[in-house]
Amino acid sequence: MLKYRYIILTTLLLFLSFYSLRSQKISNYVIGSGGTQVRGSTVIVNGTVGQSMIGLVKKNKIVHGCGFWYCATPLANPPDPYFYISLPKRSAEIGDTVQLPLTLNESKNWEYAFVKNFVATIRYNSTVIQPIGNTPNCETTDNDDCLITINGSMNDSAGVLFNMEFLVRLGNVEFTPLIIESFKWIESDRGEIFTENGELEILGICKEGETNRYVKFGTKEGLQSISPNPSSDNILINYTIREKGETKIVVINNLGKEAAVLFEGLATVGHQSLFSDVSTIPTGLYNIILTTPTQIFSKKILITR
C-alpha cells in the first residue's frame, strides 16, 4: 500500500510541476533549473540539467534548448514573418554599365520562417538594357519586355540578394520599369512578401519628330529621312547640319557596337544627301548615328535579307 501511495504522490508532484512551468511568463522563453549560461554571437542560452541528454533544437545560427526543465516556446507557436523586397530607381546614360540590386530591405521574424534560398522573376524592356556578367539572359519575351529568372540565397535579415548588371542601350523608350513579377522562398511559403518595383531612366535623350536627339538645339538639323526602310542593299540618307567641322555617319547595333562607317570628314553646312551600300551588314535592327562637332542624332533602320 505504501508503494502505491509513493507512486501516486510522485505523479501528482510531477503534474503540479509541469502545470506551474506552463503558467509562468518567461522573458526569453526558457525555464532553467540551473547549469551554466552559454553565450553566442546572436543568442544567450541558459543551460539546464539533462540538456545534453534530452536534446537541442537547432535553427539557423540560433540554438533553442528543449530539455527536462524547460521548453523553447517560440518553436511551438512562432510569430508570423514578413519580407520587404525591392528594386532601385536609377538613371544612366547610353553605354553605361549599371548595377540594379534585388534587395531585402527589411524583414521581421525571418528566423522563424526557416528559409534561405529563393527564386525571383524580373521584367524589363529589353531594348533599353542588356544583361551582362552573371546576370541571366532573357528567357521569354512579350513584345519588347523580357523576363529573367534569378536564383540566390539570403545571408542576413537585410541586404542585397542579387546584384544584376546591365549595359544601357539606345532603345525605343526613354525609361524601363523594373518589375518583380514573382518572388518565392524555395524551402517554405510561410510569411508574407511585400515587393516594390524600380525604374531605370535613360539620360540625354530629347525628341524632335522621329529623331532621337542627345542635346536640345534650337535649329532644324539632324537626320530627316532614311529610305528605303527596311532596306536590303542601298539606302539614301537625307540630313541637315548647321555647323562646320568634322562630321560622321555610322551604323550602330543594339549593343552599341559600330557595324559600318558610312561617312567621315568635313561636311558642308545645309541640307545633304548620302547614298550608301548596307548589303554587307547582317539582318537586324540598327541605328544610323549622325555626329557633328556639338550634336548627336539617331534614326532606326531595319536591314533585311
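Trainee: Among contacts in the protein between residues at least 6 apart in sequence, what percentage join residues at least 24 apart?

Mentor: In this predicted model, 64% of the contacts between residues at least 6 apart in sequence join residues at least 24 apart. The secondary structure of the protein comprises three helices and 24 strands.

Trainee: What share of the residues in the protein is buried?

Mentor: Of the 305 residues in the protein, 38% are buried. The accessible surface amounts to about 17,800 Å², and carbon and sulfur atoms account for 53% of that area.

Trainee: Why is E221 called buried?

Mentor: The relative accessible area of E221 is 4%. The term buried applies under 20%, and therefore E221, at 4%, is classed as buried.

Trainee: Where is E221 found, and with which residues is E221 in contact, leaving aside its neighbours within four places in sequence?

Mentor: E221 is found in the loop between strand 17 (211-213) and strand 18. With those neighbours set aside, E221 is in contact with T240, I241, R242, Q295 and F297. The C-alpha atoms of E221 and Y239 are separated by 7.1 Å, and these two residues are 18 residues apart along the chain.

Trainee: Why does F114 count as partly exposed?

Mentor: F114 has a relative accessibility of 43%. Buried requires a value under 20% and exposed a value over 50%, with partly exposed in between.

Trainee: Which value does phi take in N109, and where does N109 lie?

Mentor: N109 also has a phi near 55°, and this value is positive in a residue other than glycine. N109 lies in the loop between strand 7 (97-108) and strand 8 (117-125).

Trainee: Is the peptide bond from S227 to P228 cis or trans?

Mentor: That bond, from S227 to P228, is cis, with omega near -10°. P228 is found in the loop between strand 18 (222-227) and strand 19 (234-241).

Trainee: What is omega for the peptide bond that joins N229 and P230?

Mentor: Omega is about 15° for the bond joining N229 and P230, which is a cis peptide bond. P230 lies in the loop between strand 18 and strand 19. Most peptide bonds, by contrast, are trans.

Technical notes:
Residues numbered from 1 in each chain as written. Predicted model: local features only at pLDDT ≥ 70, side-chain atom pairs only at ≥ 80, totals over all residues. Heavy atoms only, no water. Helix = DSSP H or I, 4+ residues; strand = E, 2+ residues; numbered from the N terminus. Buried < 20%, exposed > 50% of the residue type's maximum accessible area, 1.4 Å probe, protein only. Contact = heavy atoms within 4.5 Å. Areas by Shrake-Rupley, 256 points an atom, 1.4 Å probe, with all protein chains shown as cover.
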